Amino acid sequence: MTESLILPVWQSKNPTRLPDLLAEEATFSSPVADYHGRARAAHLLATIATVLDSVHQTRQWTDGREGMFAFTARFADQELQGVLREELSEDGHLTHVTLFLRPYRALRAAIAEMARRLEDSPAPQEM
């Protein structure tokens, strides 16, 4: 892995290719919960793309099929700092994506907005 697969999607705000990036049994670990399965993970990652603005990668650490990608983003008038941990399968699909965000005050506000958006467009149920 040499670059993030998720951050460019968030930057473009065009999540249509997310399902193609994820393995069938992918897991997304958010600051709130774990979401299993391609459809659920893609839905949550796509919703995050609608909440975060001005996503900008600041650093990266990669090793084989794993990468850690530091970034900044904005939600409303608050800046967030985050890290994405991405793990790839042998065929290059994401098997696990973990999101870390701070500071807590901005994270809490972003989580509340995510909850509102997920009420309007719930994640698919696990199979």
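Analyst: β3 (residues 53-63) and β4 (residues 66-75) pair in the antiparallel sense over eight bridges; strands here are DSSP runs of E, at least two residues long, helices are runs of H or I of at least four, and both are numbered from the N terminus. Two strands count as paired if DSSP finds at least two bridges between them. One of the bridges takes Gln57 to Phe71 in β4. Two residues sit between β3 and β4 in this hairpin, and Gly64 in the turn has a positive phi of about 65°.

A word on the source: this is a predicted model, where local features need pLDDT of at least 70 and side-chain atom pairs count only at pLDDT 80 or more, while totals for chains, interfaces and linings use all residues. Residues are numbered from 1 along each chain as its sequence is written, and side-chain values use heavy atoms, with hydrogens and water left out.

Now to helix α3, where you'll find His43. His43 is buried, at a relative accessible area of 18% (buried means under 20%, exposed over 50%, partly exposed in between, with a 1.4 Å probe and protein chains only). Beyond its neighbours within four places in sequence, His43 is in contact with Leu118, Ser121, Pro122, Ala123 and Pro124, contact meaning heavy atoms within 4.5 Å. Leu88 is 45 residues from His43 in sequence and 19 Å from it in space, C-alpha to C-alpha.
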